[in-house]
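Hi,

Here is the structure I promised to pass on. Have a look at it first, and my notes follow below.

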Amino acid sequence: QVQLVESGGGLVQAGGSLRLSCAASGRTFSSYAMGWFRQAPGKEREFVAGSIPSTYYADSFKGRFTVSRDNAKNTVYLQMNSLKPEDTAVYYCAAAWGWGTIKSTEYEYWGQGTQVTVSS
């Protein structure tokens, strides 16, 4: 069983930055692929980036977002720069044993989400 807790969301102006954190419980964190997803109101959940285990980004976020992980701290991060109003969404981290993909259905564990709001 893995429990995930996201933090770091909030309100930021367009062009600003935020760093999201996802802290995981358990001793085998390094064996899990970690993904970041987001869901905006009225839209489907979409893959953002992941450490699966190598880092991978959806095309829309390359160059603006950076994913990293610290296995010693059981934490994965999402650094978001040059934020746009359309980045407003609830951001979730998720864990999958072994290799992960961009498909949300392949992740077993999910955090509760953290709200990111970007004002224009």
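Are Phe37 and Tyr107 buried or exposed? Both of them are buried, where buried means under 20% relative accessible area, exposed means over 50%, and partly exposed is in between (1.4 Å probe, protein chains only).

Before the rest, the ground rules. This is a predicted model, so local features need pLDDT of at least 70 and side-chain atom pairs count only at pLDDT 80 or more, while totals for chains, interfaces and linings use all residues. Residues are numbered from 1 along each chain as its sequence is written, and side-chain values use heavy atoms, with hydrogens and water left out.

**Aromatic rings**

The structure holds nine aromatic pairs. Rings of Phe, Tyr and Trp (its six-membered ring) pair if their centres lie within 6.5 Å; planes under 30 degrees apart count as stacked, over 60 as edge-to-face and the rest as tilted. One of the pairs is Phe37 with Tyr107, edge-to-face at 5.2 Å centre to centre and with 80 degrees between the planes. Phe37 is in strand 4 (residues 32–39) and Tyr107 is in the loop between strand 9 (89–97) and strand 10 (109–110), so this pair ties together parts that are 70 residues apart in sequence. Strands, by the way, are DSSP runs (E, at least two residues), numbered from the N terminus.

Tyr107 also pairs with Trp110, again edge-to-face, at 6.3 Å centre to centre and 65 degrees between the planes. Tyr107 has 4% relative accessibility and therefore counts as buried, whereas Trp110 is partly exposed at 26%. Ring pairs link Phe37, Phe47, Tyr56, Tyr92, Tyr107 and Trp110 into a cluster.

**Strand 9 and its partners**

Seven of the nine residues of strand 9 are buried, so this strand is largely enclosed by the rest of the structure. What does strand 9 pair with? Strand 4, for one, in the antiparallel sense over eight bridges; two strands pair if DSSP finds at least two bridges between them. Within that pairing, Gly35 has Ala94 of strand 9 as its bridge partner. Strand 10 pairs with strand 9 as well, antiparallel and over two bridges, and here Ala94 stands opposite Trp110 of strand 10. Strand 11 (residues 114–119) also runs antiparallel to strand 9, joined to it by three bridges, with Gln115 in strand 11 as the bridge partner of Val90.

**Salt bridges**

A search of the whole structure finds four salt bridges, each being a side-chain nitrogen of Lys or Arg within 4 Å of a carboxyl oxygen of Asp or Glu. Among them is Arg38 with Asp87, at 2.8 Å from N to O. Arg38 lies in strand 4 and Asp87 in the loop between strand 8 and strand 9, so the pair ties together parts that are 49 residues apart in sequence. Both Arg38 and Asp87 are buried.

Asp87 has another salt bridge, to Arg64, the closest N and O atoms being 2.7 Å apart. Arg64 is in the loop between strand 6 (55–57) and strand 7 (65–70), so its bridge to Asp87 ties together parts that are 23 residues apart in sequence. Arg64 is buried, with a relative accessible area of 12%, and Asp87 is buried at 1%. Salt bridges that share partners join Arg38, Glu46, Arg64 and Asp87 into one network.

Lys62 and Asp59 form a salt bridge too, with 3.1 Å between the closest N and O atoms, and these two residues are exposed.

**Around Thr75**

Thr75 is in strand 8 (residues 75–80) and is buried, with a relative accessible area of 8%. A polar atom of its side chain lies 2.8 Å from the backbone oxygen of Lys73. Not counting residues up to four places away in sequence, Thr75 touches Ser21, Cys22, Ala23, Phe29, Ser68, Arg69 and Asp70, with contact meaning heavy atoms within 4.5 Å.

Cheers

Conventions
Helix = DSSP H or I, 4+ residues; strand = E, 2+ residues; numbered from the N terminus. Polar contact = N/O pair within 3.5 Å; in protein donor to acceptor, adjacent residues only side chain to side chain.
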